[in-house]
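Subject: Two-chain model, handed over with notes

Hello,

The structure is below for you to look through. My notes on what was found in it follow.

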Amino acid sequence: MRYYDRLIFELSKEGRVGYTLGKSSFGESGVASFVPSGLLRAEAPALPQVSEVDVVRHYTNLSQMNFGVDTGFYPLGSCTMKYNPKINEEIAGMPGFQGLHPLQSPSTVQGALQVYSEMEKALCSITGMAGFTFNPCAGAHGELTGLMIMRRYHMLRGDLQRTKVIVPDSAHGTNPASAAVCGLQVVVVKSKPDGLVDVNDLKPLLGDDIAGIMMTNPNTLGLFEKDIEEIASLVHGCGGLLYYDGANMNPLIGVVRPGDMGFDILHLNLHKSFSTPHGGGGPGSGPVGVCGKLLPYLPAPRVKYVDGAYSLDFGDERCAGRVSAFMGNFGVILRAYAYILMLGRQNVRLVGKYSTLAANYIKESLKDCYKLPIPSVCKHEFVFDGLLDDGSRKDGQGNVVREGATTLDVAKRLLDFGYHAPTIYFPLLFHQAIMIEPTESESLETLDGFIAVMKKIAAEAAEDPSILKSAPHNAPIARPDETTAARQPVLKYSDTIQS
Amino acid sequence: MAAFPYFPHTDQDVRAMLDRIGAGSLDDLYADVPRDVVFKGEYDLPDAMSEQEVRDYFDSLDRKDPRLKVFVGQGAYDHYTPAVVPYITSRSEFLTAYTPYQAEISQGTLRYIFEYQSMVCSLTGLDVSNASMYDGPTAAAEAVKMAPSCTKKKTRVLVSRTLLPNVIRTIETYSLYHGIELGYISAMEGTTCPHHMKEELAKGDVAGVIVPSVNRYGIIEDLSGFADAIHAEGGIFIEYCDPSALAVLKTPAEWGADIAVGDGQSLGIPLCFGGPYVGFMACRKEFLRKLPGRIVGQTTDTEGRRVYCLTLQAREQHIRREKATSNICSNESLMALFVTVYASLMGPAGLKEVNDRSCAGAHYLYEELLKTGKFEPVFDKPFLKEFVLKPLVDAEALQRKLAEGGFFAALPTEDGYVTFCVTEKRTKAETDALVALVKEA
């Protein structure tokens, strides 16, 4: 990777173009002939004027400052950065699918609707739910949609006082944020020292004001919530619903189904568990599945299959509403379905087990160098609480004479060795959290290479933390000044010219 | 178990790893899972397919659907995508990257988002843009959600009835659960009624107003006086826009809008049955701290080089948790790259030409359709590339007939009209063929 310092605007030269449109078949008249000048903008937008070669070289150079799953190992906790199969890309790019307009009548899009229908059936089988909507465009969008379904269900039962949702203290940040956006009040349930939800802390929270609980299982410490059946029965007992945050679904694929644990609503991240590329922050897809009694509350439209043909079902007054423009990110759904067909019923059984195997292997290999607050068997991910010896030293009076290396420093040093950093400072239960999630994509050799580097970094820290503190040394850039970025925001090209 | 290309594990590897862990078998790693919830059944999935079988299967589904010439818009526009765009966006360094939290190895993503933000600001005329939203309707719903937090003690948001139906429905869904009261501004002769808006504003509780630039009937709205009326009552003016059209139309900034939202799909993103697309949101700098989603800023690294990073993250869900005003995290980053590359290739001249041709084609079709005697005009107001007509024949039957002839056109609307759209991809020959079919209806 190498540093390249240009913005596309800086390549611009008056008169250059990067397109051809051919001869106009409707004559020479344009917007000015048909639209009153009072409705037109005064000046053309300040977009770059560049040739096709300029564009290709510029973005190729930009790409070379980027790290992706195809570049190397991404041990990013709760993000499930597994390999993105290439056949999926080819399928998403098929010309017929690419050209379908979302408002075409169902009789002209039977192939596309069949993909939705079969994908729904596949996800129901993998999760134990009764039906899915594919309309949410990302995981957090799915969470919000799931909570809307929860609220709709209570609202229509006249249970208007159910405005609180229980969220464990280890939850992903999106959980409480989604709840708040959905108009629900968040009540936090504590974890026990062993990292699991404290059932005794949960019990007094339950009542007729509880809409439900949001959980991820395994939780963000990678631990299976083994009291889940008791939790489910307690929450159901008070009239609440159970929401499953599918961000951590990967270790359960092929082993355990959320529906069988008592969950009523879940979302999946197709860009995590089902291999679609993350795209540098989307497009994702966050399908939401529900149990049988909640099917009528799913957002509209949904695909149904009646009398040998696929059609759209817009639901009735129970439907939670419309949550996006059309039916979600079809291109992402195609990729995920291709992945499921490649897996088939045989390989699907190994996804979770291999991801769990990899996480435990790293954990056991590194626990002599990094603090492991919870030693039990993990699932797809686990959390260290910083270095065992961070290299900090004190004099006889207890004054710090050498600052130790932090989790941030470990993360930045990893970049020097060709690895992406793990998730850091999350979950919030530990001050120096390092959250590691390998996936089933990684070979024993890759894991061993990562383990060796993590050990080397720990040894470096113990000897002299300064090499960590000034890392990365081999990345295209050094650490950015984030404080100035926030205090004096420069957020667009014209700001850079003025400043 | 047969070897599988996405799993690198040999039997020996699995054994070595289990030994390090001290486990006897893979199942032992799930010993903490209650037996009752372990799935003991058979997954209702097909047998694992080979790559060739998967390709052939999807090819058969892909070929099932007729490839229609698209003459409809309504929020999804069939503009031409230059070959360079998917070529660049399919580069694995962009495609397979995570969200750019590690700025040191994500400068590619961060730089194109900065360029994207700059382009959205150029198109809208506004000060700041975020890194993208899911799609146009959700961006609109987020903007509506922003309005009360940008104003003092105002709670109601007015929604123009001339917005696209799916935009209104998505706003309604988000607002219902978030607890925002909506009011509606009726349409008068196909555009947002300013008198009705002023009556509603006079009630004194209006936090914001959302109005389209080009509306559901394809009409370009004249928003003269809107900003003054809304601001006089202390409200926020939100404009819903087609960014391709903004290359020629008066900008949200010129109309005096505070927030602009819309769907970036019209900037060369393929129809792809509705997604992935990309929502955009830009606003005046006064509202920067209320802007949802990710934002990229320019700064320097410790060696003094110009670099980029995610900034102002204190607004976001992972910091604010239950105090967050938006829960968005993954957005549509790769689609932001898509429109950035598209807009770079097209430049101001290309986008103007796209609009000129679409507009000329749409007006030609409009006149030719009226000549067939199968329609009556509905509104006499300026339009760009999209319009509605009142059908004098059965609309459903007409759409079916056109589909059989290879066209997606004459989509019936909820108001009893049919809608058409012409982009620069459509030729006169195709348009004439469509009109000839209409004549037979």
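Two strands count as paired if DSSP finds at least two bridges between them. Please keep in mind throughout that this is a predicted model.

The bridge rule applies directly to a sheet in chain A. Strands β13(A) and β14(A), the latter covering residues 433–436, are antiparallel and joined by two bridges. Across that pairing, Thr423(A) has Met435(A) in β14(A) as its bridge partner. The sheet is open, has three strands in the order β10-β14-β13 (chain A), and is antiparallel in its pairing. Its edges are β10 (382–385) and β13 (423–424) of chain A; each has a single partner strand, so one side of each lacks a neighbour in the sheet.

Chain A overall

Chain A contains 15 helices and 14 strands. Its radius of gyration is 26 Å, close to the 23 Å from the globule rule for 499 residues, so chain A is as compact as a globular protein of that length. The C-alpha trace of chain A spans about 90 × 60 × 45 Å along the principal axes. Buried residues account for 59% of the 499 in chain A. Of the contacts in chain A with a separation of 6 or more, 72% are between residues 24 or more positions apart.

Chain B overall

For chain B the count is 14 helices and 17 strands. Its C-alpha atoms fill a box of roughly 80 × 55 × 50 Å along the principal axes. Of the 441 residues in chain B, 60% are buried. Contacts in chain B between residues at least 6 apart in sequence join residues at least 24 apart in 73% of cases.

The interface

How many residues of each chain take part in the contact between A and B? On chain B there are 170, and they are in contact with 174 residues of chain A. Helix α12 (residues 333–371) of chain B gives the largest share of the chain B side, with 22 residues. By type, the chain B side divides into 82 nonpolar, 46 polar and 42 charged residues.

The seven-strand sheet of chain B

Chain B has an open sheet of seven strands, in the order β2-β10-β9-β8-β7-β3-β4, with mixed pairing. At its edges are β2 (128–129) and β4 (181–185) of chain B, each with a single partner strand, so one side of each has no neighbour in the sheet.

- β2(B) and β10(B) are antiparallel, with two bridges; Ser129(B) stands opposite Ala282(B).
- β9(B) and β10(B) are antiparallel, with five bridges; Asp263(B) has Gly279(B) as its bridge partner.
- β8 (residues 236–241) and β9 (residues 259–263) of chain B run parallel, with four bridges; Tyr240(B) is partnered by Val261(B).

Strand β10 (residues 279–283) of chain B has five of its five residues buried, so β10(B) is largely enclosed by the rest of the structure. Gly279(B), Met281(B) and Cys283(B) point one way from the strand, while Phe280(B) and Ala282(B) point the other way.

Met133(B) and its surroundings

Met133(B) sits in the loop between β2 and α6 of chain B. Is Met133(B) buried or exposed? A residue is buried if 20 or more other C-beta atoms lie within 10 Å of its own. Met133(B) has 31 C-beta neighbours inside 10 Å, so this residue counts as buried. Beyond its neighbours within four places in sequence, its contacts include Gly279(B), Phe280(B) and Met281(B), together with Thr138(B), Ala139(B) and Glu142(B).

Helix α6 (residues 136–150) of chain B, which has 15 residues, reaches 21 Å from first C-alpha to last, close to the 21 Å expected at 1.5 Å a residue. Of those 15 residues, 14 are buried, so to speak mostly covered.

The nonpolar core

The largest nonpolar core has 307 residues, of which Ile149(A), Ile265(A), Ile333(A), Ile210(B) and Ile259(B) touch the most other members. Helix α10 (residues 330–366) of chain A supplies the largest share of this core, 22 residues. Leaving out residues up to four places away in sequence, Ile265(A) touches residues including Gly146(A), Ile149(A), Leu241(A), Tyr243(A), Val288(A) and Leu294(A).

Regards

Conventions:
Residues numbered from 1 in each chain as written. Chains lettered and ligands numbered in written order. Predicted model: local features only at pLDDT ≥ 70, side-chain atom pairs only at ≥ 80, totals over all residues. Rg over C-alpha atoms; globule rule 2.2 N^0.38 Å. Buried ≥ 20, exposed ≤ 12 C-beta atoms within 10 Å, placed from the backbone. Contact = placed C-beta atoms within 7 Å. Nonpolar A, V, L, I, M, F, W, Y, C, P; charged D, E, K, R; others polar. Expected span 1.5 Å × (residues − 1). Core = buried A, V, L, I, M, F, W, Y, C linked by C-beta atoms within 7 Å.
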